[in-house]
Amino acid sequence: MDIGIDLGTANMVVSMNKAGVVLSEPSVVAYHRYKKEVVAVGTEAYDMIGRTPEYITIVRPLADGVISDDSMAEVMIKAFIIKVLGNQPVRPRIALCIPSFITDIESRAVIEAAVSAGSRKVYLIQEPIAALLGAGVDISQPKGNMVVDIGGGTTDIAVVSLNGIVVSHSVTTAGNKLDQSILKYISNRYKLLIGEKTAENIKKKLANVYNPSVSRKMKIGGKNLFDGMPQSIEISELDVHLAVEDHLTDIIEAIRYVFEQTPPELIKDIYDNGIILTGGGAGLGKLDMFISSETGLKCRIPENAEQCVARGTAMVYDRMDTLLDGFEHISLYK
């Protein structure tokens with residue numbers, strides 16, 4: 001039984017090679033502080049955000065792409081494995097996706113969480129490799145392919161050739177920071193306090209980062225900062241663009257940094273092939289057009305871009321002999 005897991009800061013996606021994506025739920029755990037037990041995991045816990053009494057804490061076990069709470073991460077991984085496999089007495093092999101700049105200590109935390117959750121063998125694969133495999137790119141050829149994977153906690157940019165990462169760079173400017181910037185902008189501009197779920201909804205429905213319009217609007221509700229009373233206002237695409245533009249500049253700078261480190265022969269390949277955008281952040285309104293205008297290169301967003309990493313992670317079992325960089329067998333944890 002082989003499972004691929006994209007252990008994302010915002011969402012955890014589980015896939016199997018033949019079945020494809022079998023589960024996709026938020027990386028959230030609801031914890032009862034008095035009973036000292038987990039109340040809910042995944043979608044059920046996500047629906048509780050901003051609506052819980054003081055004795056129930058909403059925990060996000062991952063921050064910036066790595067585990068920040070070992071015990072909650074273990075509970076979450078185990079719960080999702082049970083959802084996928086049921087209560088079968090099976091100890092699966094698990095391939096876990098990690099950011100390209102993860103430390104050894106952070107890698108060990110990921111491995112131990114998977115082993116404690118019931119895995120008999122753990123593999124680690126770097127996100128850029130998995131993203132390109134999931135996007136259907138043949139990375140075995142001596143040709144350069146650039147991927148920009150925008151997740152919830154990190155944005156990974158890498159150039160891959162001959163099954164390995166040639167150059168990579170990772171920044172913590174990603175989906176969660178965009179949500180926080182929208183929340184902060186609306187608080188400062190309109191003196192309205194909104195929740196993080198509302199901010200995320202605004203980003204998904206109203207974001208347009210290439211040519212924002214003041215005519216396309218959306219009504220939102222929140223709490224007036226002056227009198228604490230409920231209030232509703234209308235915001236436009238331009239508001240969202242102004243809120244996130246600094247973070248978009250950070251992503252463009254990270255892409256330029258990777259280009260500076262890339263060998264000239266591979267630069268030519270990337271110019272011909274373009275940039276591949278994956279991750280949940282790839283769905284940000286007209287992001288491909290924005291990056292194209294800033295870099296002068298064409299951009300492509302694969303179908304179901306947010307699931308590319310998970311699909312690619314499950315596909316690595318058929319490519320163990322050819323994948324060199326980004327895929328290692330942790331024999332210590334059999």
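Modeller: Happy to! The buried residues of helix H8 (residues 264-273) pack against strand S11 (145-150), strand S12 (155-161), strand S13 (164-171) and helix H7 (237-261). Keep in mind that this is a predicted model. So which residues of H8 are buried? They are Leu266, Asp269 and Ile270. Around the helix axis these three cover an arc of only 100°, which means they sit on the same side of H8. There is a simple idea behind such patterns: an α-helix has 3.6 residues a turn, so residues three or four places apart point the same way. Now turn the helix around. On the other side of H8 you will find Pro264, Glu265, Lys268 and Tyr271, and these are exposed.

The axes of H4 (residues 127-134) and H10 (residues 308-315) come within 6 Å and cross at roughly 95°, which makes H4 roughly perpendicular to H10. On the H4 side, the contact is made by Glu127, Ala130, Ala131, Leu133 and Gly134, while H10 brings Cys308, Val309, Arg311, Gly312, Thr313 and Met315. Sorted by class, that contact of H4 with H10 has six nonpolar, three polar and two charged residues.

Finally, a word on confidence. The chain averages a pLDDT of 87, and 95% of the residues score at least 70. Over residues 325-334, however, the pLDDT is below 50. Where pLDDT is low, the predicted coordinates should not be read in detail.

Notes:
Residues are numbered from 1 along each chain as its sequence is written. This is a predicted model: local features need pLDDT of at least 70, side-chain atom pairs count only at pLDDT 80 or more; totals for chains, interfaces and linings use all residues. Side-chain values use heavy atoms; hydrogens and water are left out. Axes are lines fitted to C-alpha atoms, for helices over the stretch in contact, and angles run from 0 to 180 degrees between N-to-C directions. Helices (H or I, at least four residues) and strands (E, at least two) are DSSP runs, numbered from the N terminus. Angles under 35 degrees count as roughly parallel, over 145 as roughly antiparallel, 65 to 115 as roughly perpendicular and the rest as oblique. Contact means heavy atoms within 4.5 Å. Ala, Val, Leu, Ile, Met, Phe, Trp, Tyr, Cys and Pro count as nonpolar, Asp, Glu, Lys and Arg as charged, and the others, Gly among them, as polar. pLDDT is the predictor's confidence in each residue, from 0 to 100. Buried means under 20% relative accessible area, exposed over 50%, partly exposed in between (1.4 Å probe, protein chains only). The arc is that of the directions from the helix axis to the C-beta atoms.
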